[in-house]
Amino acid sequence: MDDAGFMHLAFEQAQKSYDEGGLPIGAVMVEDGQVVAAGHNRRVQDGDPVAHGEMDCIRRAGRRPRYDRVTLYTTLSPCMMCAGTIVQFGIGRVVVGEDRNFAGNAEFLRSRGIEVAVLDSAECVELMARFIAEHPRLWDEDIAGKDG
């Protein structure tokens, strides 16, 4: 499977969260062409302010001795909390579905030696834009009033 295929798996996680009434952000962790873990934003569902999509995916991967050979696919450019976690655990590569609705912290990741690719996925852009239009207050809460 290629980057687009793995991103579609992350998108399915985002769609699952949206269908549950949560923020549509999904993530998939891949190593050697195999999915290690998948997760989605669970802030609304669990009432947990740090349960972002990337964090849920990393939690589901469980303890690992190293993360430098994994690729993390995320439907939206990571916030600073998630970017910091990516740096902390030494994830070597991040593939972002989109950064139009939220610019995130790709440059921060790159400055720490992490390879970042942005796919500009139409399905990721559209789902996030729809959510923001439908739930602007919830979106504002998720990003703590920051616009990028």
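Cys 124 is buried, with a relative accessible area of 4%; buried means under 20% relative accessible area, exposed over 50%, and partly exposed in between, with a 1.4 Å probe and protein chains only. The model is predicted, so local features need pLDDT of at least 70 and side-chain atom pairs count only at pLDDT 80 or more, while totals for chains, interfaces and linings use all residues. Residues are numbered from 1 along each chain as its sequence is written, and side-chain values use heavy atoms, with hydrogens and water left out.

How many disulfides does the structure hold? The structure holds zero, where a disulfide is a pair of cysteine sulfur atoms within 2.5 Å. For Cys 124, the closest cysteine sulfur belongs to Cys 57 and is 14 Å away, so it is too far for a bond. Cys 57 has its closest cysteine sulfur in Cys 82, at 11 Å, and this is also too far for a bond. Cys 57 is buried, with a relative accessible area of 0%.

## Helix α6

Helix α6 covers residues 122-134. Helices here are DSSP runs of H or I with at least four residues, strands are runs of E with at least two, and both are numbered from the N terminus. The 13 residues of α6 reach 18 Å from the first C-alpha to the last, close to the 18 Å expected at 1.5 Å a residue. The expected span is 1.5 Å times one less than the number of residues in the helix.

The buried residues in α6 include Cys 124, Val 125, Leu 127, Met 128, Phe 131 and Ile 132. An α-helix has 3.6 residues a turn, so residues three or four places apart point the same way. Among the elements that cover the buried residues of α6 are α1 (3-19), β3 (70-76), β4 and α7 (136-142).

## Helix α1

Helix α1 has 17 residues and reaches 24 Å from its first C-alpha to its last, close to the 24 Å expected at 1.5 Å a residue. Its buried residues are Gly 5, Phe 6, Met 7, Ala 10, Phe 11, Gln 13, Ala 14, Ser 17 and Tyr 18. These buried residues pack against β1, β2, α2 (43-46), β3, β4 and α6. Just after α1, Gly 21 takes a positive phi of about 90°.

Glu 98 is found in strand β4, which spans residues 93-98. The side chain of Glu 98 does reach the backbone nitrogen of Arg 100 at 2.7 Å, and a polar contact of 2.7 Å joins the side chains of Glu 98 and Asn 101. A polar contact is a pair of N or O atoms within 3.5 Å; within protein, one must be able to donate a hydrogen and the other to accept it, and residues adjacent in sequence count only if both atoms are side-chain atoms. Leaving out residues up to four places away in sequence, Glu 98 touches Thr 75, Leu 76, Ser 77, Ser 121, Cys 124, Val 125 and Met 128, where contact means heavy atoms within 4.5 Å.

Asp 56 lies in helix α3 (residues 53-61). Asp 56 is buried, with a relative accessible area of 7%. A polar atom of its side chain lies 2.9 Å from the backbone nitrogen of His 40. Not counting residues up to four places away in sequence, Asp 56 touches Gly 39, His 40 and Arg 42.

## Loop residues

Asp 32 and Gly 33 are in the loop between β1 (26-31) and β2 (34-40). Asp 32 counts as exposed at 57% relative accessibility, whereas Gly 33 is partly exposed at 44%. Most residues other than glycine have a negative phi. Asp 32 has a positive phi of about 50° although it is not a glycine. Asp 120 is not a glycine either, and has a positive phi of about 55°. Asp 120 sits in the loop between β5 (115-118) and α6 and is partly exposed, with a relative accessible area of 35%.

Asp 48 is in the loop between α2 and α3. Asp 48 is partly exposed, with a relative accessible area of 24%. Its contacts, not counting residues up to four places away in sequence, are Arg 43 and Arg 59.
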